[in-house]
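Please have the sequence and the coordinates open side by side while reading. The paragraphs below begin with what the two chains share and then turn to individual elements.

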There are 2 protein chains.
Amino acid sequence: MTSATLVPVFAALGDETRWSILAALGEGDASASALAGRLPVTRQAIAKHLAVLQQVGLVEPVRVGREVQYRVVGAELSATARRLDAIGAEWDRRLGIIKEIAEGL
Amino acid sequence: MTSATLVPVFAALGDETRWSILAALGEGDASASALAGRLPVTRQAIAKHLAVLQQVGLVEPVRVGREVQYRVVGAELSATARRLDAIGAEWDRRLGIIKEIAEGL
DNA sequence: CGCCTGTGCAACTCAATAGTTGCACTGCGG
DNA sequence: CCGCAGTGCAACTATTGAGTTGCACAGGCG
């Protein structure tokens, strides 16, 4: 189970810059320095974001020689989506019941 | 289309207190004052959180007499989940292709 | 071996936000 | 009609987090 607790994952996904990083990583694995060349922030800022993303399991480091490249863990995104969907479905169900009661059905 | 842009929704969901509010609203619609009785924060703090949740469409206000009760919009949770799942699936697909290439298949 | 690239750690600034207190307004109920 | 419960607005504090600069360290490569 790679799944981190739900809330921190959402917190991690609640930042535009981190989505930029994820998008850039979608073009292929890259190191913090490489990403710094493509994004309008410093390498250190990216390193911090990568640390956050790694902590919630959205990204994982891969040592390549003396570099540290990062890869997106798509499964974690899917897992988070499923859990969120389950919650949403639960609420829909409850609202449906309330509606039925209200309509006297 | 009630869907707000994706990132702010995640930012809204990246806070424990807001999940507490959503959970409390899951027991039935409630006003800010009513929620303040159940949660360890002041009514004003809750009002701010409700404003945030409303802005991203996760919650909607319902005037009941002179009160303003709030209801969870489960559909927005589901919609967010679907969009996130689509992104996750896309990443899985890409990683699959990369893996195939790497394995010389 | 010596350099240059990439990484890691630390201190600092600045903006955003969670939370508070305080006050003013409104509208239903006795 | 008066009071009280509920709401809204505003100012303030404090903490978190994004971003920066600066420096120290490590490991390939010429």
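**Where the two chains meet**

In this predicted model, the contact between the chains draws 28 residues from chain A and 29 residues from chain B. Between them, chain A and chain B bury about 2500 Å², and 71% of that area lies on carbon and sulfur atoms. On the chain A side, the residues that lose the most area to chain B are A:Val7, A:Leu84 and A:Trp91, which together account for 24% of what that side buries.

Over all chains, the structure holds three aromatic pairs. One of them is formed by A:Phe10 and B:Trp19, whose rings are stacked at 6.1 Å centre to centre with 25° between the planes. Because A:Phe10 lies in helix H1 of chain A and B:Trp19 in helix H2 (residues 16-26) of chain B, this pair joins two chains. Both A:Phe10 and B:Trp19 are buried. A:Trp19 and B:Phe10 form an aromatic pair as well, stacked at 6.1 Å centre to centre with 25° between the planes, and this pair crosses from A:Trp19 in helix H2 of chain A to B:Phe10 in helix H1 of chain B. A:Trp19 is buried, with a relative accessible area of 13%, and B:Phe10 is buried with a relative accessible area of 0%. Taken together, A:Phe10, A:Trp19, B:Phe10 and B:Trp19 form one aromatic cluster.

Helix H1 (residues 6-13) of chain B has six of its eight residues buried, so it is largely enclosed by the rest of the structure. Its buried residues are B:Leu6, B:Val7, B:Val9, B:Phe10, B:Ala12 and B:Leu13. With neighbours within four places in sequence left aside, B:Leu13 is in contact with residues of chain A, namely A:Val7, A:Phe10 and A:Leu84, and with B:Trp19, B:Leu22, B:Leu58 and B:Leu77.

A:Leu50 leads on to helix H4 of chain A, where the buried residues are A:Ile46, A:His49, A:Leu50 and A:Leu53. These residues cover an arc of only 105° around the axis, and therefore lie on the same side of H4(A). On the other side of H4(A), A:Lys48 and A:Gln55 are exposed. The cover over the buried residues of H4(A) includes helix H1 (6-13), helix H2 (16-26), helix H3 (32-38), strand E2 (59-64) and strand E3 (67-72) of chain A. As for the length of H4(A), which comprises residues 43-55, its 13 residues at 1.5 Å a residue should span 18 Å, and this agrees with its end C-alpha atoms, which are 18 Å apart. H4(A) is followed by A:Gly57, whose phi is positive, near 80°.

The last stop returns to the contact between the chains. B:Ser78 is found in helix H5 (residues 74-102) of chain B, and at 5% relative accessibility B:Ser78 counts as buried because the cut-off for that term is under 20%. With neighbours within four places in sequence left aside, B:Ser78 is in contact with A:Asp85, A:Gly88, A:Ala89 and A:Asp92.

Terms used. Residues are numbered from 1 along each chain as its sequence is written. Chains are lettered from A and ligands numbered from 1 in the order in which they are written. This is a predicted model: local features need pLDDT of at least 70, side-chain atom pairs count only at pLDDT 80 or more; totals for chains, interfaces and linings use all residues. Side-chain values use heavy atoms; hydrogens and water are left out. Buried means under 20% relative accessible area, exposed over 50%, partly exposed in between (1.4 Å probe, protein chains only). Helices (H or I, at least four residues) and strands (E, at least two) are DSSP runs, numbered from the N terminus. The expected span of a helix is 1.5 Å times one less than its number of residues. The arc is that of the directions from the helix axis to the C-beta atoms. Contact means heavy atoms within 4.5 Å. Rings of Phe, Tyr and Trp (its six-membered ring) pair if their centres lie within 6.5 Å; planes under 30 degrees apart count as stacked, over 60 as edge-to-face and the rest as tilted. Buried area is the accessible area (1.4 Å probe) that two parts lose on being put together, summed over both.
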